[in-house]
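Good morning, colleagues. Please look at the sequence and the structure as I put them on the screen.

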Amino acid sequence: MDDLLKDFVVETSEHLDIVDAELVRFERDPNNSATLALIFRLVHTIKGTCGFLGLPRLEHLAHAGEDVISGFRDGKPVTAPAVTMILKTIDRIKGIIAELERSGSEPDGDDEDLVQALRALANEPAGAPPLATAPPPAVTIESKGNLSFQILERPLREDEVTLDELERAFRDAPGPEMPPFVEPAPVAPPPPPAPAAEAPKEAPRKEKKAAPKVEAKAEPEAAEAQASNENSVSKQSVRVAVGTLDRLMTMVSELVLTRNQLLEIARQRDDADFKSPLQRLSHITAELQDGVMQTRMQPIGSAWTKLSRVVRDLSEELGKKIELIQSGAETEIDRQLLEMIKDPLLHMVRNAADHGLEMPDERVAAGKPAHGTIHLRAAQESGYIIVEVSDDGRGIDVERVKAKALRNGLSTEADIARMSDEQILRFVMEPGFSTAAAVTNISGRGVGLDVVRSHVEQVGGIVDLRSRAGRGLTVTIKLPLTLAIASALIVEAAGQRFAIPQISVAELVRTQESGEVRIETLNGQATLRLRQRLLPVVDVADVLNLPRQGGSLATDNQADDRLVVVCHVGGHRFGIIVDSILHTEEIVVKPISSKLRHMSVYSGATILGDGSVILILEPAGVARSVMENGTRETAAQSEAELAAELMASAERSLLLLFRAGGTNLKAIPLAFIGRLEEFEHAKIEDTGGRAVVQYQGRLMPILGYQPQAGFDLEARQPVLVFHQQDREIGMAVDEIVDVVEVSIQIDTSHATPGTVGATIIDGKAVEIVDVSDLVAPEGQEKPASDEQVDVMVIESSEFFRALFAPLLQNAGYRIAVLPSLQAARLAIARQKPSVIVMDLDQPGDEGFSFVRELAEDGTSPPVIGLVSRAGPRLIEKGKVAGLYDLVGKFDRQGLMSSVGDVLGGYSTTQWGAAA
Amino acid sequence: MSAEQRMRRDMSIVDEIQLVSVRIEGQLIGLPITSVRDVFSITAMTPVPKADRAVAGLVNLRGHIVTILDLGYLLNSRRTERQSEQEPMAVGVEWQGEVFGLVVDEIGDVLSLSGDSSEPMPANMGTNWARFTRRVHKLERELMIEIDLHALLETMSLQAA
């Protein structure tokens, strides 16, 4: 393809994009003559240029389209069908141009259908197009050239008007202030081939007011034109080939690297002479880097222009009224990145229009305005570009996502039950996942959001979903400012350094063997306990099969004092264990060799300041190696996790502080609470005196709910949700105050019905609420083990089980915890405990009769009884039954010393004597 | 000059080939000079954990990251034992727009050879050798194997994928 044609293709494509967007705007605001003038001028330019280059099909089409547009200018009503027709024409032109770009010539074909339709439109109400009957043009300098040109050209086709008329119509279009210098384009005479090649190139440039002489001549008009239409193509700019910019960028990247090397050398040698010029070099390099990066920046709005057209077409097709609001269109973003996110953006907008927004009647029924709104937002925030597409539609139905995830085998029921809505929503970004009930033309084939995610993650970005049921969905994309240079954390593992992109790093933590942050193994998998949450962790050295002194983490439990890089990628949080964290550095990401590209654990390589090459780890790739294991063992892990969670709740427990029925603070150990939810009062219903709410597709009873008469029904009721074996129970509270981590020192003497006692937190008395009725007895017992234990705890309340188990375990005893006497009876023979600690706070005499039973047996271990309040009568009763000791439930000291007594001094044979 | 003579002369020009001679585990190997970019000694190589074993590592060659391949491994399917006292040498070759370094034991002269002195590969060589060998040149003292770099590097990408 020759240069001329190439220029034409590039320019015309740009013009068409603008026409697209402008037409949509024009349809809404038909009185804006500036918009119309711009459209007319662009279409006209396209038509003119086609004439020169001998592209009859394009010319024909553009011409017919122009007629219709000129009809608008003459005051014909702007109708949706007319605009649709023109848009169709533009699409056809685009198709031809695409073919032209590919093959270098116009494809064969006939556009008579469109041309006929357009002509019918043009002729419709006002008869013949007004320009055809217009009087001869007013005399201008250009018209001379015009006439001679026309004589030289081929005879007119029947549907064509003379160029003069067109010129005049064109000149008239925006009124008298229309700059005349756009005219040479279609007018320049083409007889000798060489000048002809020159002319069209010149033409659009002139239009852009880039040629200084033209600008001088047309100064006032230019200013006016600019003022009248901000979107005018005219800008003080030079066209530079993208390849040139990319080369520049590469070179600057190299320069940055070299500078980093120099700085590294300077750091090692303390040479003052060297330092100050190096400082300057450093500054200049930084500025140069900024400057070159600037040249690659484009306002994100340039990717949005297409979207307004897309939304318009969709709203026609779907019969929905959709308004597209854009904000932050001027936010600048790296060209390359922009290209990469164009498709994802399109997907997201389509999704929003097709699935997100409801039909108008549905919307009205839901109390929303009939027209839906899609909001595009872009902003630069702390070194990242945030792009957001939100709609005010129905949002994503979490239940449907759940059902689908289960059906597709992406997760198990048990897993889903423990997931937050946010985590569940993420399933929609899995490949082949679509919640659309029906596959429509626009979307719903399950290739939507996973494409978005893979595109975005490919460029080191992050996708986030926020859905408010019935209120809409917001998809947020977080992108690095540029692809070429990234901030990275340089870490070391098994003696080798690696870079981890800063964008995916959430935090860095150091673990301690017995500290709050520590690494434990569950089922052979290392997990990190971080703020009461368990995260999967991987050792980089293990993932990469690097030999490490002292063995790997999985094989020995020396998990103390490790450095963990906590990463957050694609909704997964996980830790990467490294040996040391060196520093952060701006790195120039270099693509990895084609021989290594298949390795998902690396995203590239880079050269550090000291000249050494290091590999860039891809956290998502590293995670995959963990997550795969994770999904395979979820069932086993979830139970183990639950157990670990319960244990974690002792010693220092996380307590949720809240207020309910009074000003006093109340508390519940966080470990018992499944979820915190808020429900609108309007959603809470009354069935037979019980408050219930629809929750996860079922009715959930809410305890302690006071109907809020007179309150705003929009107000929300905070509810603590407790998971029982197969259902949830809600507990209404007035206010959730805080979550605190405290060591529980519960004073049971203040226990009242419904509470287990009180404790002091931050100098305030707090009631600990008894939730043993809410957290249902866990039916499943510990897998029967035949291991001998020191202490057997028989306790029906989960709360106390969680309290005692770690206490005894930390003291170094091997323990078994059993929920019921029946289970204990079976286990005692097998596990041969040296002492039994059992709950005697049970209705009836079952507990004491069990103690008697054991005492009579003679070979059984001593029993320490636990009671809420050890009154004299109870102590007496215990002694009679053959109890070794009776301890208050919150009397830690007492319990520990009593257990210590038994295991320290007495054997089972001595016990009988002691009793 | 008869047409036949001219043809023969042309052929011999075409056949005249310059080879960079290198040595791997004692075997003399020729690499076509047209694909050799440069020769460098390897310093500070970064290994790539878990990569194909033929990938020895990455080096910084004047600001470019070059992937170093173990030519000995590619040909013999086992890692070459090297004396550690000296820095290994590598031949930089370009393939599909990318530069690779091939580790060799020793780098010798550039030899101009014609097709006359060559023969196809004897059948008793190992499979890898047979696959990557274009032909065998009979030098005065010994035999030199001319390597088909394209076949070598392409096969490697297949292995990797």
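First, the conventions. This is a predicted model, in which local features need pLDDT of at least 70 and side-chain atom pairs count only at pLDDT 80 or more, while totals for chains, interfaces and linings use all residues. Residues are numbered from 1 along each chain as its sequence is written, and chains are lettered from A and ligands numbered from 1 in the order in which they are written.

Let us begin with the interface. Here 21 residues of chain A are in contact with 19 residues of chain B; contact requires C-beta atoms, placed from the backbone, within 7 Å. On the side of chain A that touches chain B, helix 12 (242-268), strand 17 (602-607) and strand 18 (613-617) of chain A each supply at least two residues. Helices (H or I, at least four residues) and strands (E, at least two) are DSSP runs, numbered from the N terminus. By class, that side of chain A has 11 nonpolar, 7 polar and 3 charged residues. Nonpolar covers Ala, Val, Leu, Ile, Met, Phe, Trp, Tyr, Cys and Pro; charged covers Asp, Glu, Lys and Arg; the others, Gly among them, are polar.

Helix 12 of chain A also packs against helix 13 (residues 272-295) of chain A, at an angle of about 155° and with the axes 10 Å apart. Axes are lines fitted to C-alpha atoms, for helices over the stretch in contact, and angles run from 0 to 180 degrees between N-to-C directions. Helix 12 and helix 13 of chain A are therefore roughly antiparallel, the term for angles over 145 degrees. Their contact includes A:Leu248 and A:Val252 of helix 12 and A:Leu278 and A:Leu281 of helix 13.

Next, a sheet in chain A. Five strands form an open sheet in the order 31-30-32-33-34, with parallel pairing; strands pair if DSSP finds at least two bridges between them. Strand 31 (815-818) and strand 34 (885-888) of chain A each have a single partner strand, so one side of each lacks a neighbour in the sheet. The twist averages 20° from one strand to the next.

Finally, chain B. Which strand pairs with strand 5 (residues 64-70) of chain B in the antiparallel sense? Strand 4 (residues 55-61) of chain B does so, over 6 bridges. Strand 7 (residues 98-104) of chain B pairs with strand 5 of chain B in the parallel sense, over 4 bridges.

How values were computed
Two residues are in contact if their C-beta atoms, placed from the backbone, lie within 7 Å. Angles under 35 degrees count as roughly parallel, over 145 as roughly antiparallel, 65 to 115 as roughly perpendicular and the rest as oblique.
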